[in-house]
Amino acid sequence: MTATHHAPAAAESGASATERFKSDKLATVADTPKERVDLLAREVLSAVHETIRRHKVTYDEYNALKAWLIRLGEDGEWPLFLDVWVEHVIEEVATEHRQGNKGTIEGPYYVPGAPERGSRGSVPMRDNEPGTPLVWTGRVTSTDGTPLAGATIELWHADADGLYSQFAPGIPEWNLRGTFSTGSDGSFEIRTVRPAPYQIPTDGACGALIAAAGWHAWRPAHLHVKVSAPGHELLTAQLYFPGDEHNDDDIASAVKPELMLDPAPAEDGETVSYGFVLDPAA
Ligand code: MBD
Ligand code: FE
């Protein structure tokens, strides 16, 4: 059973991501106006038709696509598929007006309501949590430089095996997930461990596409954050580590140079300084 421990079953993490989406996000989605659905659906379908004509797509290929889409649903991997191959462009368009921090995609593994740890503290972790200890300090400011007291930083990331709590089996609830708040000068200090590079599940439909196309399944090691403050736009971002072999070919196309950390060795692990600049809400 050790193999499954390192490669969580697609049906398991896929189904969790699908349920998560339904309970957290679906209720907040507004109806899309008819004109907009008409425009977007027609353009996407014409792009598909154009590809079929250009490459003379065969019935065998059409049926392979049908079988794959059926499996994508059965495996619960629609959230994974969309977040890995589509979300980065949605994020680009949604945040192009911003003057403050660059953000990037949320991905499928955010869970709201992680335990609160104040402005200086450790994320929930196991005794002897594997991985290099990381002490991260920073400040949250507004675009005009004003420190933002009482800002909220939600942090979540994979463990040293590349597994996320609440999505992979056998990991305590909320492991490596915490909610922090900034002090009166906008500062925070977070203790965690360095995450490992992450391989998206390879045993489901997304893995089948990757194998069939000769791609790889890797994302570079990353820390996920959501940073919010009253009167400011919510920032969703990920932070990366220099030298990771997948920084230049992230399967999810979500790496940006502005999101690179610069950790330095310390007595017991590493320290890093990285702060956030939030845009005032329009
Ligand atoms: C992840 O951990 C992730 O961050 C993204 C974007 C997609 C799949 C898994
Ligand atoms: Fe992730």
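Guide: One term to start: donors are N, O and S atoms within 2.8 Å of the metal (3.2 Å for Na, K and Ca), and since water is not among the atoms, sites may look incomplete. Also, this is a predicted model, where local features need pLDDT of at least 70, side-chain atom pairs count only at pLDDT 80 or more, and totals for chains, interfaces and linings use all residues. Residues are numbered from 1 along each chain as its sequence is written, ligands are numbered from 1 in the order in which they are written, and side-chain values use heavy atoms, leaving out hydrogens and water.
Visitor: Okay, how are the donor residues of the iron ion (ligand 2) spaced in sequence?
Guide: The pattern is Y-x57-H-x1-H.
Visitor: And which residues are they?
Guide: Tyr164 (OH), His222 (NE2) and His224 (NE2), lying 1.9 to 2.1 Å from the iron ion.
Visitor: Is His222 buried or exposed?
Guide: Buried, because its relative accessibility is 3%; buried means under 20% relative accessible area, with a 1.4 Å probe and protein chains only.
Visitor: New topic: what does Glu154 pair with in β8?
Guide: Its bridge partner there is Lys226. Glu154 lies in strand β3; strands are DSSP runs (E, at least two residues), numbered from the N terminus.
Visitor: Which side chain does Glu154 make a polar contact with?
Guide: That of Tyr110, at 2.7 Å. A polar contact is a pair of N or O atoms within 3.5 Å; within protein, one must be able to donate a hydrogen and the other to accept it, and residues adjacent in sequence count only if both atoms are side-chain atoms.

Technical notes. Buried < 20%, exposed > 50% of the residue type's maximum accessible area, 1.4 Å probe, protein only. Pairing = 2+ DSSP bridges. Helix = DSSP H or I, 4+ residues; strand = E, 2+ residues; numbered from the N terminus.
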